[in-house]
Amino acid sequence: IPPAASRNWCWRARRPLACWVKACPPMLTQALTVPKTTAMEEKYSLADLQMLAQDALTRAGVGLAASRIVARDVALSEVAKDQRGGVNGLLRDIRLLRYGRLDPEGAVEIDAPMPAVLRVSAGHGFAAVALAHALPRLVEAGLGQGLAVVHLSQSSDPAAMAGAMSDMAT
């Protein structure tokens with residue numbers, strides 16, 4: 001019996017692993033063999049990412065306008081390499097839609113308790129949609145007061161808020 005550190009020995013079959021693999025049915029052999037990995041990297045354009053995200057959201061039951069806003073945010077977050085807001089965030093949001101914890105048509109309510117403060121309630125909907133609705137009033141308050149603050153509640157994870165940030169930058 002070879003030493004315990006040997007990786008080429010099958011303890012169950014009491015023989016070398018190569019002999020055991022040869023005796024196995026093809027299905028087990030495929031599961032045991034480790035495929036050689038190649039250094040292949042898929043690259044998608046921003047439009048491709050946005051299209052894929054929008055397609056996934058519309059298939060999950062999100063309306064066209066909301067899916068465009070969220071898909072843009074997902075694509076921009078993925079380009080910025082934000083782990084919470086890119087494709088991982090999209091998968092999380094689709095899962096929350098299926099569980100009923102996220103409303104695809106959440107009613108956005110915007111309240112201004114003070115001139116420079118906006119309180120935005122997404123109605124258990126998408127943060128990107130709520131921020132897109134609040135952005136004109138936010139910019140107006142920022143230009144009028146010199147500073148504006150948003151309090152976002154009852155929404156999905158806003159992550160990088162890439163869509164709103166790019167809209168404010170332009």
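Trainee: Which residues are linked with Arg84 in a network of salt bridges?

Mentor: Happy to start there! A salt bridge here is a side-chain nitrogen of Lys or Arg within 4 Å of a carboxyl oxygen of Asp or Glu. Side chains of opposite charge can pair when their charged atoms come close. The network that includes Arg84 also holds Arg92, Asp93 and Asp157.

Trainee: What kind of model is this?

Mentor: This is a predicted model, where local features need pLDDT of at least 70, side-chain atom pairs count only at pLDDT 80 or more, and totals for chains, interfaces and linings use all residues. Residues are numbered from 1 along each chain as its sequence is written, and side-chain values use heavy atoms, leaving out hydrogens and water. In short, the model is predicted.

Trainee: Is Arg59 buried or exposed?

Mentor: Arg59 pairs with Asp55 in a salt bridge, with the closest N and O atoms 3.0 Å apart. Buried means under 20% relative accessible area, exposed over 50%, and partly exposed in between (1.4 Å probe, protein chains only). Asp55 has 34% and counts as partly exposed. Arg59 has a relative accessible area of 67%, so Arg59 is exposed.
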